[in-house]
Amino acid sequence: MEFTTFLWTTFAAFLTLAVFSFLYKDNPMYKFAEHLFVGVSAGYFVIILWHGALVPNLFKKLADGDWYLLWLNASEWWYFVPFILGVMMFARFFKKSSWISRWPLAMYIGISTGLAIPLEMANRVNRQLWAMMEPINWSSFWGERYLDIGSGYSELLIFVGTIAALVYFFFSKAHTGAFGAVAKFGIWTLMLGFGASFGFTVMARISLFINRIQFLDINWGQAAFDASGTANENYHAGFQALFWAVWLIFLVYAVFEFKKYLNSKDKPSQPESTQA
Amino acid sequence: MNFFSKLMQLDRRWVYLLLVIVCLSAYYADFTVPTIVENETKAIYDFIEALEPGEIIFVAVDYDPSSQAELHPMTYALVEHAFRKDLKVIFTALSQNGPGMVDQALRDLTDSLKLPKTYNGIFYEGKEIVNGVDYTFLGYKPYYAIVITAMGQDYRILFPSDYYGTPLDSIPMMKRVHNYDDISLLVDISSGSITDAWISYGQGKFDFPLALGLTGVMTAQYYPFLQSKQIMGLMGGLLGAAQYEHLADNPGLAKDGMRVQLPAHLLIILFIIIGNVGYLVTRYRERKI
Amino acid sequence: MKRQLPLILVFVFGTLMVIQYFVPHENSETVKGFLLDWIVIIGIFALALGLWSLVQVSVAKINSRKENWEYPLVTLASLVMMMFFGFTAITEGASLWSYFLAITVFLIALWMFLQGFMGQAANRNMKLLSGLGLLIVFSLLAIFDSSWEFKFYTAEGLTNQMFVHFFDYIMIPLQATMFALLAFFITSASYRAFRARNLLATLLLIAALIVMLRFTPGPWGEYLAKTSAWVMNVPNLAAQRAIVIGIGLGIVATALKVILGIERGYMGKG
């Protein structure tokens with residue numbers, strides 16, 4: 001690993017730890033990291049939009065025109081239209097003329113909703129209903145294995161569960177009597193679904209933290225100590241020094257916070273609020 | 001104040017510290033958890049395994065660094081598998097910070113593919129993957145539903161050139177490739193509503209085989225599409241990534257991370273139990289008073 | 001004109017797209033291709049509005065000089081730096097020192113301008129003049145320094161090593177770690193919020209437990225894995241299908257309301 005690469009990795013590790021320090025409490029390092037992120041990501045987006053969309057999709061299309069003719073003599077001169085419509089969006093900045101920006105917006109909304117109606121109907125509603133209406137596997141109703149997904153009772157449960165959950169969502173009629181009983185089965189099904197979702201969510205959240213541990217250990221820690229398997233011909237003591245320097249920053253901060261805590265304990269402070 | 005009400009008012013920072021201790025000690029401990037491969041992941045692996053060399057798969061990398069923990073391992077394992085099988089890959093990134101993710105993955109994969117390796121008992125020579133020959137990275141455009149629809153007609157409508165600015169017509173592997181008809185499989189690895197657009201605007205209209213790699217938070221929501229055959233496979237969260245790594249015999253960060261998941265989950269379950277016991281006890285006492 | 005024309009535009013374009021779906025034709029496909037391309041171009045300009053408001057908010061905060069006013073400077077500086085990296089290409093093998101010098105000069109010049117235009121300081125003209133001077137130095141550097149150059153029209157900036165490093169070593173760790181905080185929040189929430197108050201909450205917790213423990217080693221784990229596969233593929237599927245259908249109908253209904261001009265929230269006030 002080159003030393004400059006390690007320098008960058010160390011900065012990344014510092015930022016990682018700075019964000020984690022927020023778990024103790026908000027502090028200057030976290031604020032720095034937060035504001036840095038906003039700026040860098042906005043700048044990144046500008047560049048991606050410029051090089052990725054504006055240049056190839058608009059400027060290059062009008063490139064063979066002349067600016068003093070407003071590019072109207074370009075071979076694909078019709079790209080002037082979206083250009084003007086796009087510029088009209090900037091009318092939002094001025095209160096008096098902000099209504100002009102509604103025209104391009106209306107065009108966007110018209111096209112995207114028109115696109116959505118048949119496709120959402122076909123793929124979210126119709127095809128799901130089709131799949132629900134598949135005949136049930138009566139020949140092997142109890143299935144061949146423990147909790148067989150292809151068994152008849154599973155398929156029946158899917159059908160009944162979906163109908164019941166849809167009934168639960170139907171609020172125009174009071175959930176009483178037989179209708180209420182079906183709705184109740186519906187909410188049971190929904191709860192099992194939400195539970196499964198929740199279980200997966202816990203896994204997802206934890207894996208985000210695990211990833212950071214892996215980064216700090218594999219990309220940073222192991223590189224700093226030249227662990228076996230990552231032969232590093234550029235290795236020197238500077239790697240370790242940097243590694244410890246970052247930890248020192250956080251150690252100093254921790255001591256600072258601890259002292260503040262001790263001071264606040266000594267002084268007779270105002271009675272703590274009783275609100276939990 | 002009794003023990004349980006004290007427990008209920010424990011500072012959250014102690015809870016955080018416990019999670020850190022459990023995760024770190026699990027990370028450095030030496031143990032494994034079984035990887036039980038599920039059908040929804042195996043379907044994707046088998047599909048790619050059955051493709052002929054030279055066929056094109058489309059990998060839509062629709063996630064930001066926020067979900068890289070779960071989704072980067074999927075991209076790495078799946079794309080490496082595809083390249084080792086001599087498939088060609090088209091990438092897009094329709095998420096705002098997605099282009100950087102593809103860029104990073106391609107740099108890492110170019111390095112790891114140079115090494116000869118044996119997967120599932122089959123030896124693969126190391127090879128140089130070349131931009132424009134083995135893969136094309138189309139890049140980012142905003143408004144994904146519209147982009148997905150337009151690509152059904154021709155990639156060139158919205159992507160006259162690739163991410164690096166090379167016109168699509170001068171890229172060797174894109175010469176005869178125009179739209180979804182020319183690809184064998186589309187894998188959407190995604191952390192947001194772009195997946196819905198791939199299902200409704202992409203697969204629903206142009207009818208190509210669609211496989212999904214999703215964050216754990218989203219996974220449960222896409223099972224209906226699996227049964228209705230709108231998608232052919234589904235990888236959910238780090239677990240799905242670990243399963244793919246297991247199938248491809250290419251263990252990476254996901255398989256390593258699943259180890260740590262188990263103690264962390266047990267800790268959370270313990271917290272739920274303690275929380276509930278405390279809740280029941282305090283409720284019982286309040287009733288007595 | 002102010003309100004009618006947008007309504008008509010939405011109706012016309014919306015209906016056209018619906019008709020196009022049911023009656024596809026080669027010519028209409030071509031027109032559709034153009035419309036989609038145009039819409040994306042128009043949309044880019046809309047996204048630029050967001051950038052402007054970010055700059056405005058940051059400058060206002062700096063100007064107010066209230067507590068923590070320094071931090072928006074970090075935002076603005078990193079924004080400018082990222083854009084500078086994206087618009088420049090570094091000559092291969094060149095030393096980076098003059099490149100860093102140029103961006104530093106540019107940033108100080110902007111800071112001078114910001115103080116000159118916005119501040120209440122007495123020496124405003126001095127600030128403006130020094131800003132102008134630094135800008136001239138920067139321009140000279142841009143013209144005569146051969147180790148880097150501006151590239152607005154070609155995409156070299158995307159492979160500029162500083163641009164890539166800023167993404168890899170700043171954006172990735174920051175965004176990934178900010179979301180990793182959620183791991184702690186969900187743990188704390190599991191301690192405080194998930195109570196088996198009634199049958200429904202208990203059902204939810206049982207399903208969650210099964211899914212969370214699906215990769216436990218040993219024979220228990222195997223059963224849990226099978227049970228969790230069943231939970232995902234049967235009750236969960238039924239529940240999610242009802243939600244998918246519900247949302248689908250919701251989307252279609254809202255879209256119809258928009259096309260027919262019943263729902264006009266997108267137009268704002270005025």
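## Before you start

A crossover is called right-handed if, with the strands pointing away from the viewer, the path from the first strand over the helix to the second runs clockwise. Helices (H or I, at least four residues) and strands (E, at least two) are DSSP runs numbered from the N terminus.

This is a predicted model, in which local features need pLDDT of at least 70 and side-chain atom pairs count only at pLDDT 80 or more, while totals for chains, interfaces and linings use all residues. Residues are numbered from 1 along each chain as its sequence is written, and chains are lettered from A and ligands numbered from 1 in the order in which they are written.

## A β-α-β unit in chain B

The right-handed idea applies here: strand 6 of chain B, helix 8 (residues 194–206) of chain B and strand 7 of chain B make a right-handed β-α-β unit. B:Leu186 has B:Leu210 of strand 7 as its bridge partner. Strand 7 is also joined to strand 8 (residues 233–236) of chain B, in parallel, by 4 bridges, and B:Ala211 stands opposite B:Gly233 in strand 8.

Strand 7 (residues 210–214) of chain B is largely enclosed by the rest of the structure, because 5 of its 5 residues are buried. A residue is buried if 20 or more other C-beta atoms, placed from the backbone, lie within 10 Å of its own, exposed if 12 or fewer do, and partly exposed in between. Both faces of this strand are covered, with B:Leu210, B:Leu212 and B:Leu214 on one side and B:Ala211 and B:Gly213 on the other.

Chain C is divided into domain 1 (1–66), domain 2 (70–193) and domain 3 (196–267), with bounds from an automatic or database domain assignment. The centres of domain 1 and domain 3 of chain C, taken over C-alpha atoms, are 33 Å apart. Their contact takes 7 residues from domain 1 and 4 residues from domain 3; two residues are in contact if their C-beta atoms, placed from the backbone, lie within 7 Å.

Chain C also meets chain A, with 105 residues of chain C in contact with 97 residues of chain A. Helix 9 of chain C provides the largest share of the chain C side, 20 residues. That side divides into 83 nonpolar, 18 polar and 4 charged residues. In this count Ala, Val, Leu, Ile, Met, Phe, Trp, Tyr, Cys and Pro are nonpolar, Asp, Glu, Lys and Arg are charged, and the others, Gly among them, are polar.

Turning to chain B, 46 of its residues are in contact with 48 residues of chain C. Helix 12 of chain B gives the most to the chain B side, with 10 residues, and that side has 28 nonpolar, 13 polar and 5 charged residues.

## The nonpolar core

A nonpolar core is a set of buried Ala, Val, Leu, Ile, Met, Phe, Trp, Tyr and Cys residues joined through C-beta atoms within 7 Å. The largest one has 242 residues, and C:Val40 is one of those that touch the most other members. Helix 6 (residues 177–224) of chain A contributes the largest share of this core, 23 residues. Not counting residues up to four places away in sequence, C:Val40 touches residues including A:Ala53, A:Asn57, B:Val147 and B:Leu158.

## A residue of chain A

A:Phe243 is found in helix 7 (residues 237–266) of chain A. It counts as partly exposed because it has 19 C-beta neighbours inside 10 Å.

How values were computed. Two strands pair if DSSP finds at least two bridges between them.
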